[in-house]
Amino acid sequence: MKIAATLALFATPAAAFLAKAPVAKQNVAPLAFSIDTIPGAIAPTGLFDPLGFAEKADEATLKRYREAELTHGRVAMLASVGFLVGEAVESKTFIFNGEVTGPAITHLAQINPTFWLILGVGIARAELDRAEIGWVEPENVPVDKPGLLRDDYIPGNLGFDPLGLKPEDPEEFFEMQTKELQNGRLAMIAASGFLAQELVDGKGIIEHLTSAKQPPVTPVE
């Protein structure tokens with residue numbers, strides 16, 4: 001997964017949605033965070049919570065749940081793209097000398113160990129920046145409230161918006177949050193399916209898609 005491996009460096013919520021410049025002031029006023037007001041609850045299911053995690057959570061806990069969901073959704077969106085792109089261009093680019101081949105789940109294992117050092121440092125730095133943006137400093141957190149998010153922090157809003165797509169209107173911002181959540185949820189299912197399929201038969205996703213288009217071969221008598 002030549003391209004996908006490179007994408008992995010950015011496949012953390014901090015790296016994917018993090019501004020290197022100081023975080024801009026959040027102009028969109030957050031609504032009270034409760035199961036009745038949070039983005040992502042759409043018809044016909046509403047807030048899908050069959051195990052009742054959100055219903056039992058207080059506001060601080062619910063914010064951490066949403067931060068975690070956005071984190072996994074963003075990583076999954078990058079991973080889904082990485083699967084397809086990495087397999088589509090294998091042996092066709094200069095990245096890693098074009099030597100990484102096969103199903104995407106085998107690509108990272110084929111990469112020089114030096115890459116893992118760079119990857120680890122990059123992820124550590126990105127996660128540190130994310131923590132500084134969203135979380136209260138440990139020395140200011142009550143003992144009974146570990147992992148406390150800042151009061152003015154909107155889960156997932158790390159200030160990364162190079163194209164200026166973030167709406168100023170609260171209703172439009174709410175709608176965009178829901179769209180991101182829905183795409184992230186779909187990507188988590190897709191990435192899980194990619195992993196499972198390649199583990200089952202050892203074939204890449206692109207290989208599956210291309211072979212499905214080929215007509216069956218009729219044996220010659």
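This is a predicted model: local features need pLDDT of at least 70, side-chain atom pairs count only at pLDDT 80 or more; totals for chains, interfaces and linings use all residues.
1. Geometry of the helix pair. Two packed helices are described by the angle between their axes and the distance between the axes. For helix α4 (residues 59–88) and helix α6 (residues 170–201), the angle is about 50° and the axes lie 7 Å apart. The two helices are therefore oblique to each other. Their crossing is left-handed.

2. Residues in the contact. On the α4 side, the contact is made by R66, E69, L70, H72, G73, R74, A76, M77, S80, F83, L84 and E87. The partners on α6 are E180, L181, N183, G184, R185, A187, M188, A190, A191, F194, L195 and E198. By class, the residues of this contact comprise 12 nonpolar, seven charged and five polar.

3. The second largest pocket. Its volume is about 480 Å³. The lining consists of 18 residues, of which L47, F48, D49, E69 and R185 are the closest to the centre of the pocket. Two or more lining residues are contributed by each of α3 (53–56), α4 and α6. Helix α4 supplies the largest share, with four residues.

4. The lining of the second largest pocket divides into 10 nonpolar residues, four polar and four charged.

5. Relation between the two features.

Technical notes: Residues are numbered from 1 along each chain as its sequence is written. Side-chain values use heavy atoms; hydrogens and water are left out. Axes are lines fitted to C-alpha atoms, for helices over the stretch in contact, and angles run from 0 to 180 degrees between N-to-C directions. Angles under 35 degrees count as roughly parallel, over 145 as roughly antiparallel, 65 to 115 as roughly perpendicular and the rest as oblique. A crossing is left-handed if the near helix is turned anticlockwise from the far one by less than a right angle, and right-handed if clockwise. Contact means heavy atoms within 4.5 Å. Ala, Val, Leu, Ile, Met, Phe, Trp, Tyr, Cys and Pro count as nonpolar, Asp, Glu, Lys and Arg as charged, and the others, Gly among them, as polar. On a 1 Å grid over the protein atoms alone, a cavity is a set of points where a 1.4 Å probe fits but cannot get out, and a pocket is an open set with protein on both sides within 12 Å along at least five of seven lines; lining residues have an atom within 4 Å of a point. Grid points are joined across faces, edges and corners, and a volume is the space filled by probe spheres set on the points.
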